[in-house]
Amino acid sequence: MKVKFWGTRGSVAVTGKNHCKYGGNTPCIEISNDEEIIILDAGTGIRELGIELLKKKNHKKISLYFSHFHTDHIVGLPFFLPFYNNEFEIDIFGKPYVYNSIEEIIDLILKPPLFAITKDEFKAKINFHNIDVDYIHEENGLKVQAINLNHPNPTIGYKIELQGKSVVYFTDNELIQNNHTSHNLKDLITENHPELIKFCTNADILIHDSSYFMDDYNKRIGWGHSSNYATAMFAHLANVKNLYLFHYEPTYSDDKIDELLSDTIEYLNQLNSSVNCFASADFLEVELE
Ligand SMILES: [Zn+2]
């Protein structure tokens with residue numbers, strides 16, 4: 001089972017000499033083996049994934065799951081080339097918001113004046129699935145489950161289990177919605193998130209929103225994102241094996257993300273945690289065996 005990060009930046013895509021190491025594409029993750037492919041979100045990272053999929057003989061049937069529909073998670077959608085190729089069948093999953101269906105939300109993105117063409121140009125077979133937080137799908141050794149996260153507009157997290165391994169994707173999740181310090185996090189998260197902790201317990205990989213350092217978070221309360229310490233404490237309480245920091249604040253340079261990683265590892269060490277912590281980066285591939 002492979003996890004590949006195609007986009008790891010939050011809010012808006014960035015580029016330039018300060019963003020070479022971690023990249024600047026907005027969220028998109030591939031989870032796959034030889035038969036199955038699941039894509040999480042359609043940020044700008046999905047464009048290059050689409051080019052890659054056109055070159056392959058397998059993965060003609062794709063499942064695309066949306067966490068929510070803020071622009072950083074959908075902006076790559078019109079540039080995903082498999083949509084325009086009749087060899088592909090694409091199942092699109094998400095929880096509708098305001099509009100009644102996922103199809104209506106996709107229509108909203110793919111029409112003038114936001115984009116030149118509509119989804120009538122798609123050649124692939126597209127199936128739309130309106131799901132909610134009780135969603136569970138099981139087939140051929142693959143299991144996908146959904147759960148509610150904490151964000152200004154409804155956002156759902158996913159757990160994907162394949163070949164006996166589990167990956168949890170919690171982007172745009174604000175664990176503690178008030179000013180906090182590293183000292184009261186354990187109680188706050190334990191009290192507020194028993195269900196999220198249970199959902200993630202013993203996961204092989206947790207990919208979690210870690211948009212800000214603690215100090216920066218405290219200036220952005222209610223924006224729907226987590227501090228690196230809240231994320232680390234949550235991963236520790238859920239006893240996950242590997243934590244990947246994700247959805248970086250756009251102004252953070254490569255050096256700043258290096259610091260974010262070392263600061264988070266230092267905090268986990270203070271907790272005597274067994275969680276391994278990594279910084280996700282565009283095009284990073286992780287094999288789970
Ligand atoms: Zn986002």
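What follows is a short chat about the strands and helices of this model.

Q: What kind of model is this?
A: It is a predicted model.

Q: OK. What's the strand order in the open sheet that has E6 in it?
A: The order is E6-E5-E4-E3-E2-E1-E14. That is an open sheet of 7 strands, with mixed pairing.

Q: Which strands stand at the edges there?
A: Strand E6 (125–130) and strand E14 (285–287). Each has a single partner strand, so one side of each is left without a neighbour in the sheet.

Q: And how much are neighbouring strands turned against each other?
A: By 20° on average, with direction ignored.

Q: Zoom in on E5 and E6. Parallel or antiparallel?
A: Parallel. Strand E5 covers residues 89–94, and its pairing with E6 runs over 6 bridges.

Q: What stands opposite aspartate 91?
A: Asparagine 127, in E6.

Q: Which strands does H2 lie across?
A: Helix H2, residues 102–109, lies across E5 and E6. Its direction is at about 120° to E6.

Q: Which H2 residues are buried?
A: Ile102, Ile105 and Ile106. Seen down the helix axis, the buried residues of H2 fall within an arc of 100°, so they line one face of the helix.

Q: Why would residues three or four places apart point the same way?
A: An α-helix has 3.6 residues a turn, so residues at that spacing point the same way.

Q: What do the buried residues of H2 pack against?
A: They pack against E5 and E6.

Q: Switching topic. What's the order in the open sheet with E9 in it?
A: E7-E8-E9-E10-E11-E12-E13. It is an open sheet formed by 7 strands, and the pairing is mixed.

Q: Its edge strands, which are they?
A: Strand E7 (136–139) and strand E13 (276–279). Each of them pairs on one side only.

Q: How does E9 pair with E8, parallel or antiparallel?
A: Antiparallel, over 7 bridges, with strand E8 at residues 142–148. Isoleucine 147 stands opposite glycine 157 in E9.

Q: And E9 with E10, parallel or antiparallel?
A: Antiparallel, over 5 bridges; strand E10 is residues 165–170. In that pair, tyrosine 158 stands opposite tyrosine 169 in E10.

Q: How many residues sit between E9 and E10 in the hairpin?
A: 2 residues. One point on the turn: glutamine 163 has a positive phi of about 50°.

Q: On to E11 and E12. How many bridges join them?
A: 5 bridges. Strand E11 (residues 205–209) and strand E12 (residues 242–246) run parallel. Aspartate 209 stands opposite phenylalanine 246 in E12.

Q: Which strands does H6 touch?
A: H6 packs on the sheet and touches E11, E12 and E13. Its direction makes about 155° with that of E11.

Q: How many H6 residues are buried?
A: 10 of its 10, so to speak a mostly covered helix, at residues 228–237. Among the buried ones are Tyr229, Met233, Phe234 and His236.

Q: What comes just after H6?
A: Asparagine 239, which takes a positive phi of about 55°.

Q: Last one. Where does H7 lie?
A: Helix H7, residues 254–270, lies across E12 and E13 and runs at about 170° to E13.

Technical notes: Residues are numbered from 1 along each chain as its sequence is written. This is a predicted model: local features need pLDDT of at least 70, side-chain atom pairs count only at pLDDT 80 or more; totals for chains, interfaces and linings use all residues. Two strands pair if DSSP finds at least two bridges between them. Helices (H or I, at least four residues) and strands (E, at least two) are DSSP runs, numbered from the N terminus. Axes are lines fitted to C-alpha atoms, for helices over the stretch in contact, and angles run from 0 to 180 degrees between N-to-C directions. Two residues are in contact if their C-beta atoms, placed from the backbone, lie within 7 Å. A residue is buried if 20 or more other C-beta atoms lie within 10 Å of its own, exposed if 12 or fewer, and partly exposed in between; C-beta atoms are placed from the backbone. The arc is that of the directions from the helix axis to the C-beta atoms.
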